[in-house]
Amino acid sequence: MGDTAMGEPFRLRCELAGHEQDVRGVAGCEDGRVVSCSRDTTVRTWTPTGTNAFESAVLMGHEHFVSCVAVMPPSPSLPSGAILSGGNDRTISGQCVVAPVVNVWVDGNLAASLKGHTLTVCGLSSDKAGRVYSASWDKTAMVWDIATMSSVAKLEGHEQAVWSVLPLEDGGVVTASADKTCKLWRDGRVSHTYVGHTDCVRSLALFPGVGFVSCGNDGTVRLWAVSGECLLSKQVSDNFLYCVCVLPTMEVAASGEDKTCRVVRDGEVVATLQHPGSVWSVACTPDGDVVTGCSDGVARVFTRDAGRVADADAVQAYEAQLASQTTSSQQIGGVDLKTLPGEEALLEPGKKDGATLIIRRGAKAFVYSWSAGEHKWDALGEVADGPGEGGGGGKPSLK
(Lines give C-alpha, C1' and ligand atoms only; values in the text may rest on other atoms or scores of the structure.)
Protein backbone atom coordinates (compact mmCIF):
# COMPACT_ATOMS: atom_id res chain seq x y z
CA MET A 1 0.00 0.00 0.00
CA GLY A 2 1.91 3.06 1.19
CA ASP A 3 4.48 3.79 3.85
CA THR A 4 6.45 6.38 5.69
CA ALA A 5 9.73 6.35 7.58
CA MET A 6 7.98 8.11 10.46
CA GLY A 7 6.41 5.11 12.19
CA GLU A 8 4.34 2.31 10.78
CA PRO A 9 3.38 2.03 7.10
CA PHE A 10 0.14 3.67 5.98
CA ARG A 11 -2.47 0.96 5.48
CA LEU A 12 -6.14 0.92 4.62
CA ARG A 13 -8.36 1.55 7.63
CA CYS A 14 -11.72 1.48 5.88
CA GLU A 15 -13.61 2.34 2.72
CA LEU A 16 -16.53 4.77 2.97
CA ALA A 17 -18.84 3.58 0.20
CA GLY A 18 -22.20 5.22 -0.43
CA HIS A 19 -21.79 7.97 -3.01
CA GLU A 20 -23.03 7.15 -6.49
CA GLN A 21 -20.44 9.25 -8.37
CA ASP A 22 -16.98 10.81 -7.88
CA VAL A 23 -16.09 11.94 -4.37
CA ARG A 24 -14.90 15.48 -5.07
CA GLY A 25 -14.18 16.69 -1.55
CA VAL A 26 -13.36 15.31 1.91
CA ALA A 27 -12.76 16.89 5.31
CA GLY A 28 -11.96 15.67 8.81
CA CYS A 29 -13.76 16.83 11.96
CA GLU A 30 -12.28 17.29 15.41
CA ASP A 31 -14.72 14.71 16.80
CA GLY A 32 -13.48 11.99 14.44
CA ARG A 33 -16.21 12.27 11.83
CA VAL A 34 -15.43 12.49 8.13
CA VAL A 35 -17.36 14.63 5.64
CA SER A 36 -17.51 13.97 1.90
CA CYS A 37 -19.23 15.47 -1.13
CA SER A 38 -19.90 14.15 -4.59
CA ARG A 39 -21.08 14.69 -8.11
CA ASP A 40 -24.21 12.81 -7.00
CA THR A 41 -25.44 16.16 -5.47
CA THR A 42 -25.07 14.95 -1.87
CA VAL A 43 -22.93 15.63 1.16
CA ARG A 44 -22.35 12.79 3.61
CA THR A 45 -21.15 12.73 7.19
CA TRP A 46 -19.45 9.57 8.41
CA THR A 47 -19.53 8.91 12.16
CA PRO A 48 -17.22 6.24 13.63
CA THR A 49 -19.14 3.34 15.15
CA GLY A 50 -16.06 1.17 15.67
CA THR A 51 -12.41 1.00 14.76
CA ASN A 52 -13.11 0.25 11.11
CA ALA A 53 -16.80 1.11 10.79
CA PHE A 54 -18.50 4.43 10.01
CA GLU A 55 -22.21 5.24 9.87
CA SER A 56 -23.32 7.55 7.07
CA ALA A 57 -25.88 10.34 7.09
CA VAL A 58 -26.87 12.07 3.86
CA LEU A 59 -27.29 15.86 3.59
CA MET A 60 -29.47 16.76 0.61
CA GLY A 61 -29.97 20.31 -0.55
CA HIS A 62 -27.80 20.91 -3.60
CA GLU A 63 -29.54 20.94 -6.98
CA HIS A 64 -26.38 20.19 -8.95
CA PHE A 65 -23.16 18.36 -8.18
CA VAL A 66 -21.11 19.34 -5.13
CA SER A 67 -17.53 20.47 -5.72
CA CYS A 68 -16.02 21.01 -2.30
CA VAL A 69 -16.60 20.63 1.41
CA ALA A 70 -15.08 22.07 4.59
CA VAL A 71 -15.65 21.94 8.33
CA MET A 72 -16.15 25.19 10.24
CA PRO A 73 -14.96 25.20 13.87
CA PRO A 74 -17.26 26.41 16.65
CA SER A 75 -17.63 30.18 16.80
CA PRO A 76 -19.65 32.62 18.93
CA SER A 77 -22.35 32.63 16.25
CA LEU A 78 -22.36 28.86 15.78
CA PRO A 79 -21.25 27.16 19.01
CA SER A 80 -21.60 23.71 17.44
CA GLY A 81 -19.71 24.66 14.29
CA ALA A 82 -20.94 23.89 10.78
CA ILE A 83 -20.31 21.95 7.59
CA LEU A 84 -19.78 23.97 4.42
CA SER A 85 -20.35 22.71 0.88
CA GLY A 86 -19.91 24.41 -2.47
CA GLY A 87 -22.01 23.73 -5.55
CA ASN A 88 -21.48 23.79 -9.28
CA ASP A 89 -23.47 26.08 -11.50
CA ARG A 90 -25.51 24.57 -14.30
CA THR A 91 -25.73 26.62 -17.47
CA ILE A 92 -27.72 25.72 -20.58
CA SER A 93 -27.64 27.87 -23.74
CA GLY A 94 -25.99 30.65 -21.79
CA GLN A 95 -28.67 30.71 -19.09
CA CYS A 96 -27.80 29.74 -15.51
CA VAL A 97 -30.39 27.09 -14.61
CA VAL A 98 -28.87 26.22 -11.24
CA ALA A 99 -26.92 28.98 -9.49
CA PRO A 100 -23.77 28.12 -7.50
CA VAL A 101 -24.17 28.35 -3.74
CA VAL A 102 -22.29 27.83 -0.49
CA ASN A 103 -24.50 25.72 1.74
CA VAL A 104 -24.12 25.97 5.52
CA TRP A 105 -25.19 22.87 7.46
CA VAL A 106 -25.74 23.00 11.22
CA ASP A 107 -26.52 19.84 13.19
CA GLY A 108 -27.40 18.04 9.98
CA ASN A 109 -29.83 20.69 8.74
CA LEU A 110 -29.43 23.23 5.96
CA ALA A 111 -29.15 26.56 7.80
CA ALA A 112 -28.40 28.86 4.86
CA SER A 113 -27.45 29.03 1.18
CA LEU A 114 -24.99 31.83 0.52
CA LYS A 115 -25.43 33.31 -2.95
CA GLY A 116 -23.09 35.69 -4.73
CA HIS A 117 -20.78 33.74 -7.00
CA THR A 118 -21.73 33.50 -10.67
CA LEU A 119 -19.83 30.30 -11.49
CA THR A 120 -18.90 27.07 -9.70
CA VAL A 121 -17.78 27.31 -6.07
CA CYS A 122 -14.65 25.13 -6.03
CA GLY A 123 -12.93 25.90 -2.72
CA LEU A 124 -14.00 26.58 0.87
CA SER A 125 -12.40 27.39 4.21
CA SER A 126 -13.24 29.19 7.46
CA ASP A 127 -11.74 30.66 10.59
CA LYS A 128 -12.53 30.66 14.31
CA ALA A 129 -13.89 34.21 14.14
CA GLY A 130 -16.94 33.06 12.21
CA ARG A 131 -15.91 33.94 8.67
CA VAL A 132 -16.38 31.70 5.65
CA TYR A 133 -14.15 31.95 2.58
CA SER A 134 -15.18 30.69 -0.86
CA ALA A 135 -13.28 30.40 -4.15
CA SER A 136 -14.92 30.29 -7.57
CA TRP A 137 -14.43 29.85 -11.27
CA ASP A 138 -15.79 33.42 -11.60
CA LYS A 139 -12.21 34.62 -10.82
CA THR A 140 -13.12 35.84 -7.33
CA ALA A 141 -13.01 34.77 -3.71
CA MET A 142 -15.66 35.93 -1.26
CA VAL A 143 -15.67 36.43 2.50
CA TRP A 144 -18.89 35.78 4.42
CA ASP A 145 -19.97 36.64 7.96
CA ILE A 146 -21.58 33.55 9.43
CA ALA A 147 -23.51 35.61 12.01
CA THR A 148 -25.46 37.46 9.34
CA MET A 149 -25.04 34.84 6.59
CA SER A 150 -24.01 37.62 4.22
CA SER A 151 -21.02 38.63 2.13
CA VAL A 152 -18.60 41.15 3.63
CA ALA A 153 -15.90 41.21 0.94
CA LYS A 154 -15.16 40.15 -2.64
CA LEU A 155 -11.52 39.60 -3.58
CA GLU A 156 -11.03 40.50 -7.25
CA GLY A 157 -7.69 40.52 -9.03
CA HIS A 158 -6.96 37.11 -10.52
CA GLU A 159 -7.07 36.73 -14.29
CA GLN A 160 -8.54 33.23 -14.24
CA ALA A 161 -10.53 30.91 -11.97
CA VAL A 162 -9.74 30.97 -8.26
CA TRP A 163 -9.42 27.37 -7.12
CA SER A 164 -8.62 27.72 -3.42
CA VAL A 165 -8.76 30.26 -0.61
CA LEU A 166 -7.04 30.10 2.79
CA PRO A 167 -7.12 32.36 5.87
CA LEU A 168 -3.68 32.74 7.48
CA GLU A 169 -2.66 32.86 11.13
CA ASP A 170 -1.86 36.58 10.93
CA GLY A 171 -5.25 37.59 9.50
CA GLY A 172 -4.25 37.66 5.85
CA VAL A 173 -5.94 35.60 3.14
CA VAL A 174 -4.26 33.66 0.33
CA THR A 175 -5.91 32.64 -2.94
CA ALA A 176 -4.72 30.20 -5.62
CA SER A 177 -5.66 30.54 -9.25
CA ALA A 178 -5.57 29.03 -12.71
CA ASP A 179 -3.52 32.09 -13.68
CA LYS A 180 -0.53 30.23 -12.10
CA THR A 181 -0.23 32.57 -9.11
CA CYS A 182 -1.19 32.81 -5.47
CA LYS A 183 -2.11 36.17 -3.98
CA LEU A 184 -1.96 37.51 -0.43
CA TRP A 185 -4.83 39.80 0.53
CA ARG A 186 -4.95 42.28 3.40
CA ASP A 187 -7.97 44.49 4.02
CA GLY A 188 -9.46 43.38 0.72
CA ARG A 189 -6.44 44.36 -1.39
CA VAL A 190 -3.57 42.42 -2.95
CA SER A 191 -0.50 42.68 -0.72
CA HIS A 192 1.73 40.22 -2.57
CA THR A 193 1.67 37.87 -5.57
CA TYR A 194 3.48 34.52 -5.26
CA VAL A 195 5.01 33.42 -8.57
CA GLY A 196 6.60 30.03 -9.21
CA HIS A 197 4.04 27.50 -10.37
CA THR A 198 4.11 26.89 -14.11
CA ASP A 199 0.48 25.83 -14.40
CA CYS A 200 -2.85 26.19 -12.62
CA VAL A 201 -2.57 26.31 -8.79
CA ARG A 202 -5.28 24.03 -7.40
CA SER A 203 -5.04 23.83 -3.62
CA LEU A 204 -3.70 25.53 -0.50
CA ALA A 205 -3.07 24.37 3.07
CA LEU A 206 -1.80 26.12 6.18
CA PHE A 207 1.70 25.16 7.34
CA PRO A 208 1.58 26.40 10.95
CA GLY A 209 4.38 28.64 12.11
CA VAL A 210 5.85 28.94 8.61
CA GLY A 211 3.30 29.93 5.99
CA PHE A 212 1.36 27.80 3.55
CA VAL A 213 1.65 24.97 1.03
CA SER A 214 0.36 24.95 -2.54
CA CYS A 215 0.04 22.35 -5.28
CA GLY A 216 -1.07 22.46 -8.88
CA ASN A 217 -1.28 21.10 -12.38
CA ASP A 218 2.51 21.30 -12.74
CA GLY A 219 2.81 18.37 -10.33
CA THR A 220 4.73 20.34 -7.71
CA VAL A 221 4.19 20.98 -4.02
CA ARG A 222 5.57 24.30 -2.81
CA LEU A 223 6.11 25.66 0.69
CA TRP A 224 5.87 29.44 0.95
CA ALA A 225 6.79 31.93 3.64
CA VAL A 226 4.07 34.53 4.04
CA SER A 227 6.69 37.15 3.18
CA GLY A 228 6.86 35.68 -0.34
CA GLU A 229 9.87 33.37 -0.37
CA CYS A 230 9.42 29.88 -1.80
CA LEU A 231 11.12 27.74 0.84
CA LEU A 232 10.71 24.40 -0.91
CA SER A 233 9.58 23.11 -4.29
CA LYS A 234 9.16 19.39 -4.86
CA GLN A 235 8.15 17.67 -8.10
CA VAL A 236 5.78 15.12 -6.60
CA SER A 237 4.14 13.84 -9.78
CA ASP A 238 4.32 14.06 -13.57
CA ASN A 239 0.54 14.53 -13.52
CA PHE A 240 -1.87 17.11 -12.16
CA LEU A 241 -2.05 17.50 -8.38
CA TYR A 242 -5.56 18.34 -7.25
CA CYS A 243 -5.41 18.76 -3.48
CA VAL A 244 -2.96 19.21 -0.62
CA CYS A 245 -3.18 19.01 3.16
CA VAL A 246 -0.75 19.18 6.11
CA LEU A 247 -0.74 16.29 8.58
CA PRO A 248 -0.30 16.74 12.36
CA THR A 249 3.27 15.44 11.84
CA MET A 250 3.90 18.44 9.53
CA GLU A 251 4.18 16.10 6.56
CA VAL A 252 2.36 17.16 3.41
CA ALA A 253 -0.12 14.91 1.59
CA ALA A 254 -0.90 15.64 -2.05
CA SER A 255 -3.40 13.81 -4.26
CA GLY A 256 -3.86 13.83 -7.98
CA GLU A 257 -4.64 12.49 -11.40
CA ASP A 258 -2.13 9.63 -11.29
CA LYS A 259 -4.34 7.66 -8.88
CA THR A 260 -2.14 8.28 -5.86
CA CYS A 261 -1.90 10.28 -2.69
CA ARG A 262 1.73 10.95 -1.84
CA VAL A 263 3.14 12.04 1.51
CA VAL A 264 6.13 14.40 1.48
CA ARG A 265 8.47 15.03 4.40
CA ASP A 266 11.59 17.20 4.29
CA GLY A 267 11.30 17.48 0.52
CA GLU A 268 11.11 13.73 -0.14
CA VAL A 269 8.18 11.48 -1.00
CA VAL A 270 7.99 9.00 1.88
CA ALA A 271 4.61 7.39 1.16
CA THR A 272 2.55 6.54 -1.92
CA LEU A 273 -1.07 5.49 -1.39
CA GLN A 274 -2.37 3.81 -4.53
CA HIS A 275 -6.03 4.15 -5.60
CA PRO A 276 -8.33 2.70 -8.27
CA GLY A 277 -8.98 6.14 -9.79
CA SER A 278 -7.97 9.79 -9.74
CA VAL A 279 -7.77 11.16 -6.20
CA TRP A 280 -9.69 14.43 -6.22
CA SER A 281 -9.18 15.37 -2.59
CA VAL A 282 -7.22 14.63 0.56
CA ALA A 283 -7.67 15.62 4.20
CA CYS A 284 -6.56 14.37 7.58
CA THR A 285 -8.13 13.50 10.90
CA PRO A 286 -6.86 14.95 14.21
CA ASP A 287 -5.10 11.67 14.99
CA GLY A 288 -3.15 11.71 11.73
CA ASP A 289 -5.16 9.36 9.53
CA VAL A 290 -5.32 10.32 5.83
CA VAL A 291 -8.74 10.64 4.15
CA THR A 292 -9.07 10.59 0.36
CA GLY A 293 -11.87 11.14 -2.13
CA CYS A 294 -11.62 9.11 -5.34
CA SER A 295 -13.18 9.15 -8.79
CA ASP A 296 -14.52 5.65 -8.16
CA GLY A 297 -17.10 7.11 -5.77
CA VAL A 298 -15.41 5.90 -2.58
CA ALA A 299 -13.80 7.87 0.25
CA ARG A 300 -11.03 6.00 2.07
CA VAL A 301 -9.22 6.31 5.36
CA PHE A 302 -5.59 5.22 5.71
CA THR A 303 -3.81 4.88 9.03
CA ARG A 304 -0.38 4.27 10.52
CA ASP A 305 -1.88 2.92 13.74
CA ALA A 306 -1.65 -0.88 13.61
CA GLY A 307 -4.66 -1.05 15.91
CA ARG A 308 -6.88 0.70 13.35
CA VAL A 309 -5.80 -1.13 10.19
CA ALA A 310 -8.56 -2.99 8.33
CA ASP A 311 -8.68 -6.75 8.76
CA ALA A 312 -6.47 -8.90 6.55
CA ASP A 313 -9.32 -9.88 4.23
CA ALA A 314 -10.26 -6.23 3.55
CA VAL A 315 -6.63 -5.23 2.90
CA GLN A 316 -6.12 -8.21 0.62
CA ALA A 317 -9.31 -7.43 -1.31
CA TYR A 318 -8.22 -3.83 -1.83
CA GLU A 319 -4.76 -4.84 -3.01
CA ALA A 320 -6.36 -7.31 -5.41
CA GLN A 321 -8.59 -4.52 -6.74
CA LEU A 322 -5.53 -2.38 -7.42
CA ALA A 323 -3.67 -5.27 -9.04
CA SER A 324 -6.58 -5.99 -11.38
CA GLN A 325 -6.39 -2.59 -13.03
CA THR A 326 -5.28 -2.20 -16.61
CA THR A 327 -2.61 0.34 -17.54
CA SER A 328 -2.48 1.86 -21.02
CA SER A 329 0.86 1.44 -22.79
CA GLN A 330 0.43 4.90 -24.32
CA GLN A 331 0.10 6.42 -20.86
CA ILE A 332 3.45 5.08 -19.75
CA GLY A 333 5.26 6.13 -22.88
CA GLY A 334 4.90 2.93 -24.88
CA VAL A 335 6.05 -0.58 -23.94
CA ASP A 336 8.26 -2.91 -25.95
CA LEU A 337 7.94 -6.39 -24.44
CA LYS A 338 11.28 -7.49 -25.85
CA THR A 339 13.14 -4.91 -23.77
CA LEU A 340 11.37 -5.59 -20.46
CA PRO A 341 12.97 -7.55 -17.60
CA GLY A 342 11.36 -10.72 -16.32
CA GLU A 343 10.01 -11.45 -12.85
CA GLU A 344 13.55 -11.68 -11.51
CA ALA A 345 13.60 -7.86 -11.51
CA LEU A 346 11.20 -7.98 -8.57
CA LEU A 347 14.00 -9.40 -6.44
CA GLU A 348 15.80 -6.05 -6.55
CA PRO A 349 14.52 -3.29 -4.24
CA GLY A 350 13.21 -0.03 -5.66
CA LYS A 351 15.31 3.10 -5.45
CA LYS A 352 12.62 5.12 -3.66
CA ASP A 353 9.08 4.87 -2.38
CA GLY A 354 6.56 4.90 -5.22
CA ALA A 355 9.13 3.94 -7.86
CA THR A 356 7.49 1.99 -10.71
CA LEU A 357 8.71 -1.10 -12.51
CA ILE A 358 7.33 -2.78 -15.63
CA ILE A 359 8.11 -6.46 -16.06
CA ARG A 360 7.36 -9.11 -18.68
CA ARG A 361 5.35 -12.18 -17.73
CA GLY A 362 4.78 -14.39 -20.75
CA ALA A 363 3.27 -12.27 -23.52
CA LYS A 364 2.03 -9.58 -21.16
CA ALA A 365 3.49 -6.64 -19.23
CA PHE A 366 2.66 -5.72 -15.63
CA VAL A 367 3.28 -2.59 -13.56
CA TYR A 368 4.53 -2.62 -9.95
CA SER A 369 5.12 0.14 -7.39
CA TRP A 370 7.81 -0.06 -4.69
CA SER A 371 6.69 0.16 -1.04
CA ALA A 372 9.79 1.12 0.95
CA GLY A 373 8.17 0.63 4.36
CA GLU A 374 7.01 -2.90 3.58
CA HIS A 375 10.07 -3.54 1.39
CA LYS A 376 8.09 -5.10 -1.42
CA TRP A 377 6.72 -4.46 -4.91
CA ASP A 378 2.93 -3.88 -5.04
CA ALA A 379 1.15 -4.99 -8.23
CA LEU A 380 -0.70 -2.14 -9.98
CA GLY A 381 -2.09 -4.03 -12.95
CA GLU A 382 -1.56 -5.20 -16.49
CA VAL A 383 -0.36 -2.99 -19.33
CA ALA A 384 -2.84 -2.88 -22.24
CA ASP A 385 -2.53 -1.53 -25.77
CA GLY A 386 -4.35 1.59 -26.89
CA PRO A 387 -5.09 4.92 -25.25
CA GLY A 388 -6.01 5.03 -21.61
CA GLU A 389 -8.24 7.33 -19.66
CA GLY A 390 -8.03 10.78 -21.20
CA GLY A 391 -7.30 9.53 -24.72
CA GLY A 392 -3.60 8.79 -24.37
CA GLY A 393 -0.78 11.21 -24.90
CA GLY A 394 -0.08 14.03 -22.46
CA LYS A 395 1.62 13.30 -19.18
CA PRO A 396 2.06 9.66 -18.14
CA SER A 397 -0.49 8.30 -15.70
CA LEU A 398 -1.97 5.07 -14.56
CA LYS A 399 -5.31 4.17 -16.08
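Predicted model: local features only at pLDDT ≥ 70, side-chain atom pairs only at ≥ 80, totals over all residues.
1. Residues are numbered from 1 along each chain as its sequence is written, and side-chain values use heavy atoms, with hydrogens and water left out.

2. On the overall build: the protein chain has one helix and 34 strands, where helices (H or I, at least four residues) and strands (E, at least two) are DSSP runs numbered from the N terminus. Its radius of gyration is 21 Å, close to the 21 Å that the globule rule gives for 399 residues, so the chain is as compact as a globular protein of that length; the radius is taken over C-alpha atoms, and the rule is 2.2 Å times the number of residues to the power 0.38. Along the principal axes, the C-alpha atoms fill a box of roughly 65 × 50 × 45 Å.

3. Among contacts (heavy atoms within 4.5 Å) between residues at least 6 apart in sequence, 45% join residues at least 24 apart.

4. On the open sheet: four strands stand in the order β6-β7-β10-β11 with antiparallel pairing, and two strands count as paired if DSSP finds at least two bridges between them. Because β6 (66–72) and β11 (109–114) stand at the edges, each with a single partner strand, one side of each is left without a neighbour in the sheet. The twist averages 25° from one strand to the next, with axes being lines fitted to C-alpha atoms (for helices over the stretch in contact) and angles running from 0 to 180 degrees between N-to-C directions. Within this sheet, strand β7 (residues 82–87) and strand β10 (residues 102–106) run antiparallel and are joined by four bridges, and I83 has W105 in β10 as its bridge partner.

5. On the hairpin: β32 and β33 form a hairpin with two residues between them, and G362 in the turn has a positive phi of about 65°. Strand β32 (residues 356–361) pairs with β33 in the antiparallel sense over six bridges, with I359 standing opposite F366 in β33. Strand β33 (residues 364–371) is mostly covered, since seven of its eight residues are buried.

6. On the aromatic pairs: the structure holds seven, where rings of Phe, Tyr and Trp (its six-membered ring) pair if their centres lie within 6.5 Å, and planes under 30 degrees apart count as stacked, over 60 as edge-to-face and the rest as tilted. One of them is the edge-to-face pair of Y194 and W224, at 5.5 Å centre to centre and 70° between the planes. Y194 lies in strand β19 (residues 189–195) and W224 in strand β22 (residues 220–225), so this pair ties together parts that are 30 residues apart in sequence.

7. Y194, F212 and W224 form one aromatic cluster. F212 counts as buried because its relative accessibility is 0%, and W224 is buried with a relative accessible area of 1%.

How values were computed:
Buried < 20%, exposed > 50% of the residue type's maximum accessible area, 1.4 Å probe, protein only.
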